[in-house]
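Good morning, and thank you for coming. I would like to present one structure to the group, beginning with a single pair of residues and then turning to the contact between the chains.

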Amino acid sequence: MNTKINIAGVEFKNPVMVASGTFGSGQEYGEFVDLNKLGAVVTKGVADKPWPGNPVPRVAETASGMLNAIGLQNPGIDVFIERDLPFLQKYDTRIIVNVCGHSEEEYLNVVDRLSDQKVDMLEINVSCPNVKEGGIAFGTRPDALYHITSEIKKHAKQPVIMKLSPNVTDIVEMARAAESAGADAISLINTITGMKIDINKRKFVLANKTGGLSGPAIKPVAVRMVYSCAQAVKIPIIGMGGIATGEDAIEFMLAGATGVAVGMMNFHDPYSTQKVVDGINKYMQEQKVDDINEIIGAVHE
Amino acid sequence: MAKLKESATVISQRILADGIYDLRLETKIAGDAVPGQFVGVYTDDKSSLLPRPISICGVDKEKNELRLVYRVVGKGTDLFSKLSEGDHVDVLGPLGNGYPMEEAAGKSVILMGGGIGVPPLLELAKRLSKLSDDKRPKDIKIVMGYRNDQTFLADEFRKYAELYIATDDGSLGTHGTVIDALNEQSIEGDVIYTCGPMPMLRGIKKYAAEHNMKAYLSLEERMACGVGACLGCVVATKEKDAHSHVNNARICTDGPVFDAEDVDI
């Protein structure tokens with residue numbers, strides 16, 4: 001039974017990854033799950049300098065999901081290279097570093113700093129709804145996405161994944177822009193912009209007013225978007241949005257995802273990633289699937 | 001002990017005061033839990049996915065018993081209040097750092113709790129009073145603030161030290177805050193351990209600074225993961241902390257207990 005997948009020439013022992021920002025840099029959940037069992041660890045977004053993030057409250061529970069407006073707090077690339085990368089490099093798993101920035105220059109600074117590091121892939125966050133400037137500005141217009149993608153590709157020494165926002169009129173157009181600019185893969189979806197109001201205090205629950213919705217509540221939206229993009233582009237897709245079980249992961253793969261990422265459900269159950277790996281194996285045994293690659297995009301018209 | 005998530009068995013649950021519940025669970029998490037730590041408790045509502053942070057009120061290692069005293073404040077805690085003997089509930093823990101008991105050695109300490117910040121100080125009172133002679137505080141005083149005369153856990157605190165009470169409505173003890181009680185009763189000490197609502201913690205931070213005392217505050221904030229990964233629950237810190245490098249410590253992992261001088265609240 002083969003669970004190996006390949007994205008842009010990088011081989012993963014299985015398709016299960018984590019969604020950036022839900023797993024720190026691996027250390028916190030390394031207490032609960034064996035990181036060696038995961039296809040890849042995708043790090044919390046890292047910028048060229050430390051970012052303080054947004055004021056609290058930053059998180060709120062919603063029906064079958066949650067809103068967050070962390071604002072990409074991160075210690076900056078220097079600390080990341082010194083502390084977080086060596087930790088991850090001890091494990092037999094792929095390392096995907098999520099890169100964020102306010103401007104083209106800031107993204108490129110991080111990409112350049114990572115060029116001589118032992119990192120398997122870069123994931124470019126042009127889709128965070130919680131930072132005021134940069135970030136999502138690059139991810140909501142096809143021409144801007146095309147431009148930032150091609151600039152990053154000129155600098156990057158590792159294959160590049162562009163992480164797409166669902167907060168657009170047509171995500172397929174964005175997927176095409178990323179592909180034509182040379183992206184090696186795309187990941188989707190980032191969170192859906194939402195809001196929660198405390199009716200007794202008559203105030204926004206989040207200090208940032210709006211936040212990104214994640215969790216099982218968004219899964220059907222994410223599956224549809226993965227499917228639509230898979231019909232339109234040839235580059236591999238990493239699918240995410242509310243994955244909690246092996247069945248959920250299989251659904252994303254049938255829709256066209258090559259890799260899958262567990263996000264918010266890590267917060268519900270710190271053992272989620274392992275359970276998704278086990279669930280995929282169980283499905284393959286029960287359905288007599290010899291090679292996981294057989295099911296990628298297997299459902300279509 | 002490492003953190004874990006497991007299904008705990010309800011030993012008992014009873015009501016201590018209006019909206020205040022006393023839940024005892026059998027779980028391995030009780031093993032190495034220390035005062036000031038907390039657990040994440042999950043509801044059985046499948047659409048409610050995040051754990052609720054609840055402070056640990058008592059630990060009985062021999063029986064693997066964890067005692068949680070909490071106030072019903074929303075949907076999650078309302079569901080917890082319906083649990084009874086033999087039920088199962090998922091719990092994640094032990095989480096956070098706990099109170100630095102080593103700072104009490106040879107000192108006069110004051111335990112100050114307010115409202116639902118009262119319970120975590122009970123296990124602290126118990127542990128401090130049982131420390132060996134070289135580690136024990138010189139003396140312990142306990143000052144607890146309640147809304148009214150429903151002074152839950154008061155008799156249990158009296159087993160360990162003298163208890164002073166303040167009530168919002170003046171129905172018992174000092175009419176006012178726990179700080180009013182310190183002044184009215186001329187209570188002095190070197191180290192304060194506290195948990196309670198933010199205005200009280202701000203008052204205690206100021207009081208401690210003015211009186212040249214150390215104060216250890218247990219903070220709360222809306223949390224998601226509880227284990228330091230999501231960066232949802234941060235507090236501004238005076239110095240750049242080792243983890244964030246941006247003056248933002250994680251309450252769930254670097255805290256919940258902080259030296260009052262280190263946090264900007």
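Let us begin with A:E28, which forms a salt bridge with B:R250, the closest N and O atoms being 3.1 Å apart. A salt bridge here is a side-chain nitrogen of Lys or Arg within 4 Å of a carboxyl oxygen of Asp or Glu. Because A:E28 lies in helix α1 (residues 27-30) of chain A and B:R250 in strand β15 of chain B, the pair joins two chains. Helices (H or I, at least four residues) and strands (E, at least two) are DSSP runs, numbered from the N terminus. Both A:E28 and B:R250 are buried, a word that means under 20% relative accessible area, with exposed over 50% and partly exposed in between (1.4 Å probe, protein chains only).

Some notes on conventions are needed. This is a predicted model, in which local features need pLDDT of at least 70 and side-chain atom pairs count only at pLDDT 80 or more, while totals for chains, interfaces and linings use all residues. Residues are numbered from 1 along each chain as its sequence is written, chains are lettered from A and ligands numbered from 1 in the order in which they are written, and side-chain values use heavy atoms, with hydrogens and water left out.

I turn now to the interface. Contact, meaning heavy atoms within 4.5 Å, involves 37 residues from chain A and 30 residues from chain B. Among the residues of chain B, the trio B:L49, B:R222 and B:L231 supplies 22% of the area that chain B buries against chain A, more than any other three residues. Buried area is the accessible area (1.4 Å probe) that two parts lose on being put together, summed over both; for these two chains it is about 2700 Å², with 58% from carbon and sulfur atoms.

How many salt bridges cross the interface of chain B and chain A? The rule finds 3. One further pair to note is B:K3 and A:E31, whose side chains meet in a salt bridge at 3.1 Å, N to O.

Over all chains, the whole structure has 33 salt bridges. Within chain A, A:K219 and A:D248 form one at 2.8 Å between the closest N and O atoms. These two residues lie 29 apart, A:K219 in helix α6 (residues 219-232) and A:D248 in helix α7 (residues 246-255). Both A:K219 and A:D248 are buried. In chain B, a network of salt bridges links B:R14, B:D22, B:R24, B:E65, B:R67 and B:E156.
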